[in-house]
Amino acid sequence: MTKLSNRGSGAWSEDEDRILYNGIMACISKNQPADYVEIARSIPTGRTAKQARERWQNALEPSTKKGIWSDMETLLLLDLVMKFGQEWSIIRSNLNRSSPFLRSLQSVKSKGISLLGEENRKRKKSNKHVVLFSKEEFSRLKSLHRKYGSDFKRINEELKSFLVRSKN
């Protein structure tokens, strides 16, 4: 059995980040798209192009917004999930068109999945463009979000009781 190497795995070092940043800046200064394959080859620890792209997009890219989601971003994300289901790349593109800051794909997907809740995560997708809420349910959800802010546990509890009442 072959032992797998640990090269290029784990946390990124400052040197790796510097090499990645400088490689991206060199591409930008030449008005060229980032060549993640070439940049990854220049990192001596053996990072892959995919790792380099994800590190740039999720951590180093200066216009990527990190941290707490605003109420408006959260509501927009919910609206986009209603329209596109779990098509995270499409949702990210639409979300980023509506904001001066970019959210990474990882951030959009994580937030979206947390908003969907455990029940929807476990449900198998038979259709990629599943409508998660009716217009009435979504209206109620927005109202609860205005009332409770980002207290999604409380919103979830009230929304569940609303859904039970509306089905009876």
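These legends accompany close-up views of a predicted model. Local features here need pLDDT of at least 70 and side-chain atom pairs count only at pLDDT 80 or more, while totals for chains, interfaces and linings use all residues. Residues are numbered from 1 along each chain as its sequence is written, and side-chain values use heavy atoms, with hydrogens and water left out.

**View 1. Ala 11 sits in the segment before helix 1 (14-29).** Helices here are DSSP runs (H or I, at least four residues), numbered from the N terminus. Ala 11 is exposed, with a relative accessible area of 74%; exposed means over 50%, buried under 20% and partly exposed in between, using a 1.4 Å probe and protein chains only. Leaving aside neighbours within four places in sequence, Ala 11 is in contact (heavy atoms within 4.5 Å) with Glu 16 and Arg 47.

**View 2. Asn 31 lies in the loop between helix 1 and helix 2 (36-41).** Look for its backbone: the phi of Asn 31 is near 55°, a positive value in a residue other than glycine. At 73% relative accessibility, Asn 31 counts as exposed.

**View 3. Helix 1 meets helix 3 (residues 49-60), with axes that come within 11 Å and cross at roughly 90°.** That makes the two helices roughly perpendicular, a label for angles of 65 to 115 degrees. Axes are lines fitted to C-alpha atoms over the stretch in contact, and angles run from 0 to 180 degrees between N-to-C directions. Helix 1 brings Asp 17, Leu 20, Tyr 21, Ile 24 and Met 25 to the contact, and helix 3 brings Ala 52, Arg 55, Trp 56 and Leu 60.

**View 4. The largest nonpolar core has 19 residues.** Such a core is a set of buried Ala, Val, Leu, Ile, Met, Phe, Trp, Tyr and Cys residues joined through side-chain atoms within 4.5 Å. Leu 77, Leu 78 and Trp 88 are among the residues with the most contacts inside it. Helix 4 (71-84) gives the largest share of this core, six residues. Not counting residues up to four places away in sequence, Trp 88 touches Val 81, Leu 105, Val 108, Lys 109, Gly 112, Ile 113 and Leu 116.

**View 5. Helix 4 has 14 residues and end C-alpha atoms 20 Å apart.** Buried residues of helix 4 include Glu 73, Thr 74 and Met 82. Gly 85, with a positive phi near 65°, follows the helix.

Conventions
Angles under 35 degrees count as roughly parallel, over 145 as roughly antiparallel, 65 to 115 as roughly perpendicular and the rest as oblique. The expected span of a helix is 1.5 Å times one less than its number of residues.
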